[in-house]
Amino acid sequence: MSANVKLEKDPNNEEEREKVDEKVYQELIGYLLYVALHSRPDIACAVNMLSQFSKDPRKQHYNAALQVIRYLSTTRNAAIIYKKNSAPLMGFCDANWAQDINDRKSQTGFCFLLAGGAVTWESKKQKVVAHSSAEAEYIALTESAKEASYLSYILEELGLFNGKPIKIHTDSQSAQKMAEFGSHHSRTKHIHYKYHYIKDTIQNGVVELRYLPTQDMLADVLTKPVPKPKHIYCSNNMGIKLNC
């Protein structure tokens, strides 16, 4: 999806505002969701954003969905490659504050890599309106910590868990400090208690937060449409390779 596109419920442009067949649009999104969930994290954010207009699709949304189809067509040979004896499980977490121009809710994105490739990923709109970018990142960290706990159980069952905290990378030092230092921080006291799960996982040694500069953040592609060079960088480092 173009980095400049702004999907609206009721676009100002008369041509883009034209309604399209709801069933056709929903079928198209269903196909894209299947691909995004099973093998292509690089389209997860775009598909999640498009799925939010399934009840009242407009020409703008349909054209954006066709753009994703064209991208898949040109990258039909893409596949996630896993490498033996590669890096241990690690996570990358990001959020795009007030990304949705319709309700100002933020977008959460995270992915976990094992053996050099993505094994799980998620891109979804947050359920509450975050008051700051740090709060949006904090909420996203909680969602990624839940996934890390789940993955640690699986690895333990398989005899592959080394007992060390799973490293989750974030590009928000503010959110990292909020998660690591105390439960009564002035910027977190209004946040619903369920989002403080991240604190417990840190204290119990399940996860460990690591700062990563924004330009190196792989999960950026899971929170918003990004320019082509960044999209390629994120995709490649999630293990998605072409012409396999």
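Student: Which residues of α5 meet which residues of α6?

Tutor: Contact here means heavy atoms within 4.5 Å. By that test, Ala 134, Glu 135, Glu 137, Tyr 138 and Leu 141 in α5 meet Ser 174, Ala 175, Gln 176, Met 178 and Ala 179 in α6. Those contact residues divide into six nonpolar, two polar and two charged. The classes are: Ala, Val, Leu, Ile, Met, Phe, Trp, Tyr, Cys and Pro nonpolar; Asp, Glu, Lys and Arg charged; the others, Gly among them, polar.

Tutor: Before we go on, a note on the source: this is a predicted model, where local features need pLDDT of at least 70 and side-chain atom pairs count only at pLDDT 80 or more, while totals for chains, interfaces and linings use all residues. Residues are numbered from 1 along each chain as its sequence is written, and side-chain values use heavy atoms, with hydrogens and water left out.

Student: At what angle do the axes of α5 and α6 cross?

Tutor: Axes are lines fitted to C-alpha atoms, for helices over the stretch in contact, and angles run from 0 to 180 degrees between N-to-C directions. Helices (H or I, at least four residues) and strands (E, at least two) are DSSP runs, numbered from the N terminus. The axes of α5 (residues 133–157) and α6 come within 8 Å and cross at roughly 60 degrees. The two helices are therefore oblique to each other; under 35 degrees counts as roughly parallel, over 145 as roughly antiparallel, 65 to 115 as roughly perpendicular and the rest as oblique.

Student: Where does α6 lie on the sheet strands?

Tutor: Helix α6 (residues 173–180) lies across β5 (166–170) and β6, running at about 150 degrees to β6.

Student: In what order do the strands come?

Tutor: Two strands pair if DSSP finds at least two bridges between them. Five strands form an open sheet with mixed pairing, in the order β4-β3-β2-β5-β6. Its edge strands, each pairing on one side only, are β4 (117–125) and β6 (207–211).

Student: How many bridges join β2 to β3?

Tutor: Seven, between residues 90–96 and residues 107–114, and these strands run antiparallel. Phe 92 has Cys 111 as its bridge partner, and Met 90 stands opposite Leu 113. On to β4: β3 pairs with β4 over eight bridges, also in the antiparallel sense, with Thr 108 partnered by Lys 124.

Student: Why is β3 called largely enclosed?

Tutor: Buried means under 20% relative accessible area, exposed over 50%, partly exposed in between (1.4 Å probe, protein chains only). Seven of the eight residues of β3 are buried, so β3 is largely enclosed by the rest of the structure.
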